[in-house]
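Dear colleague,

I am passing on the structure below, together with some notes on what was found in it. Please read the notes with the coordinates open.

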Amino acid sequence: FLPMAAIFSILLMVLTANWLRRRISWADEIRRAMRSRQFSVHYQPVYSTEIERCKGAEALLRWQLPNGEMIRPDIFISHAESEGIIVQLTQHLLDLMAEDIQGWEVEPGFHIGLNVAAEHLQHADFVQDIQRFARRIKDKQMVVTLELTERSLIDDGELVARKLRYLQSHGMKVAIDDFGTGHCSLSYLLTFPLDYLKIDRGFINAIEGLEAETPVLDAIINLCHKLKLDVLGEGVETSLQYEYLRQRGVVLIQGYYYARPMDNDRLRAWLNEQGR
Ligand code: C2E
Ligand code: CA
Ligand code: CA
Ligand code: CA
């Protein structure tokens, strides 16, 4: 049998491991990282085939640790969602964006997009958070665009739809993000007040690869035209993909082919170059 001392030290190790695990939860790390300004925002330009220039940009959160290491957004966002800190993180994002945007020179009507989590949509502060942000950047006359996923429209649909209609009546736009990857119920396309739809990168990839998936892409584009929704193609990487989409009336293009996400300084320089 194990001597008493061994039992005690095993017990101690288990307790310490539990304590450590609890102490360095993602939520705590994220809170600490917000305080020490480890988060920043990158912006990816969106191209319009109609006006033949940049139409706006999407804000993408970045987390860099003091040692320089980056944590991938899809990782920390999903932990922030599951540990109930996504609302605070998005409020932090809105603060960072408002600071960055003060230094931008853009034409009125420039779209500024951000990703909104399901929990935030349902949160009592949601409308107020977005309106406060819009007020802070008011002098730029931008159009605030909210990117929601299909999943976030399922719960509490009626209340969410009311909030979205309210924000739209104040000039904001609503887009469905990653379209085609979630619960593909088409009914909410009719019931929700949507302005445009972002087709997931997976369908765009298929333009050069698996021929079999292209009919689905064509069907989505046709559906959008019928419903009078604008379409945005995400993750466009090649001229072939770009041409394919443009010929089928996809007016908005986002992807490495046009521009990569960039930090605030590089975006400002890039915007100035475009303006010339
Ligand atoms: P998303 O909203 O679909 O954002 C687009 C992602 O595709 C970004 O990845 C972007 O860098 C990447 N991308 C853009 N163009 C191309 C391309 O041509 N090729 C390829 N291969 N990739 C491209 P990122 O920045 O890693 O973000 C991943 C996801 O994390 C986002 O997907 C979004 O769901 C989430 N996310 C990022 N920032 C936020 C945020 O502030 N709030 C919330 N709730 N989610 C965020
Ligand atoms: Ca997005
Ligand atoms: Ca997307
Ligand atoms: Ca995505």
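Is D177 buried or exposed? D177 is buried, with a relative accessible area of 7%, and E58 is likewise buried, at 5% (buried means under 20% relative accessible area, exposed over 50% and partly exposed in between, with a 1.4 Å probe and protein chains only).

Please bear in mind that this is a predicted model, in which local features need pLDDT of at least 70 and side-chain atom pairs count only at pLDDT 80 or more, while totals for chains, interfaces and linings use all residues. Residues are numbered from 1 along each chain as its sequence is written, chains are lettered from A and ligands numbered from 1 in the order in which they are written, and side-chain values use heavy atoms, with hydrogens and water left out.

Because E58 lies in strand 2 (residues 53-64) and D177 in strand 6 (residues 173-179), the pair ties together parts that are 119 residues apart in sequence (strands are DSSP runs of E, at least two residues, and helices runs of H or I, at least four, numbered from the N terminus).

Further along, strand 8 (residues 230-233) runs parallel to strand 7 (residues 196-199), joined to it by 4 bridges, with G233 as the bridge partner of I199; two strands pair if DSSP finds at least two bridges between them.
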